Amino acid sequence: MKRFSIYAFIAFTLTMIIPMPGRFVYGVVLALEFNILLFVGILINSLIKKMKLNELNSFIYIFLFIAITVLFRQILKITQPEIALTLGILSFFPSVSIFLLGYIFTNSEKKLSEKIKIDMKDSLFYTLYLLIFNLFRDVVGYGTFTFFGSNHQIYQKVLFDTSKLSFTSIVASLPGALAATAIIMYVYFFLKNKFQIIKNTE
């Protein structure tokens, strides 16, 4: 898979960024689930090829991803019930994102260790993007910083009073997330075209 693809970026954004509540702690949870599913998917992909079960690969992936997601949700319900309740069906979105990104279906001829290194390194970009985006929405949109707290509750640190800056609350909303994504894409294409022009003139 290419290090960065605008189509992969859009797919990841639509499945992992836009629908998610604008809190940093939720981003941490889904980022963790995303990487667990990706790592397991790579291992399963290698096992399927060794056992020559390519005809059943879609069924195996779907069954295992659902099973892992359900197990992840059960652990989350025990350790952080408030987060589990808030995320709800969003817990299944990392699985959808991995299928859309195509990680487990690429680099098929590479060794397992090399595939893990390449795909997990690529996933670092998406993980950092998810965490930074949610941190921005949490701080700017709500004026808070959220993380895992004690007694199975969410820790929340109020940084400033957003009532005095009510316009910033749109950052935490779904339209705000869409607008921010559009701005990021515009800046990306703008810089890409500028660098391409400079490269062509050299």
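Reply: Happy to! One term before we start: a residue counts as buried when its relative accessible area is under 20%. Also keep in mind that this is a predicted model.

Me: Okay, so is glycine 102 buried or exposed?

Reply: Glycine 102 has a relative accessibility of 12%, which is under 20%, so it counts as buried.

Me: And where is glycine 102 in the chain?

Reply: Glycine 102 sits in the loop between helix 5 and helix 6.

Me: How far is it from alanine 8 in space?

Reply: Glycine 102 and alanine 8 are 8.7 Å apart from C-alpha to C-alpha, although 94 residues separate them in sequence.

Me: Let's zoom out. How many helices and strands does the chain have?

Reply: The chain has 7 helices and 2 strands. Starting at the N terminus, the order is α-α-α-α-α-α-β-β-α.

Me: What share of the residues is buried?

Reply: Of the 202 residues in the chain, 39% are buried. As for overall dimensions, the C-alpha atoms fill a box of roughly 60 × 60 × 25 Å along the principal axes.

Me: Which residues have the most contacts inside the largest nonpolar core?

Reply: Those are Phe12, Phe34, Leu76, Ile83, Leu87 and Leu130, in a core of 32 residues.

Me: Which helix gives the most to that core?

Reply: Helix 2 does, with 9 residues. At least two residues each come from helix 1, helix 2, helix 3, helix 4, helix 5 and helix 6.

Me: You listed Ile83. What is isoleucine 83 in contact with?

Reply: Setting aside neighbours within four places in sequence, isoleucine 83 touches Val25, Tyr26, Val29, Leu76, Phe148 and Ile154.

Me: Back to helix 2. At what angle do helix 2 and helix 5 pack?

Reply: Helix 2 (residues 24–50) and helix 5 (residues 93–101) pack at about 50°, and their axes are 9 Å apart. The two helices are therefore oblique to each other.

Me: Which residues make that contact?

Reply: From helix 2 you have Leu30, Glu33, Phe34, Leu37 and Leu38, and from helix 5 you have Pro94, Ser95, Ser97, Ile98 and Leu101. Sorted by class, the contact of helix 2 with helix 5 has 7 nonpolar, 2 polar and 1 charged residues.

Me: Is the crossing left-handed or right-handed?

Reply: Helix 2 passes helix 5 in a right-handed crossing.

How values were computed: Residues numbered from 1 in each chain as written. Predicted model: local features only at pLDDT ≥ 70, side-chain atom pairs only at ≥ 80, totals over all residues. Heavy atoms only, no water. Axes fitted to C-alpha atoms, helices over the stretch in contact; angles between N-to-C directions. Helix = DSSP H or I, 4+ residues; strand = E, 2+ residues; numbered from the N terminus. Parallel < 35°, antiparallel > 145°, perpendicular 65-115°, else oblique. Left-handed = near helix turned anticlockwise from the far one by under 90°. Contact = heavy atoms within 4.5 Å. Nonpolar A, V, L, I, M, F, W, Y, C, P; charged D, E, K, R; others polar. Core = buried A, V, L, I, M, F, W, Y, C linked by side-chain atoms within 4.5 Å. Buried < 20%, exposed > 50% of the residue type's maximum accessible area, 1.4 Å probe, protein only.
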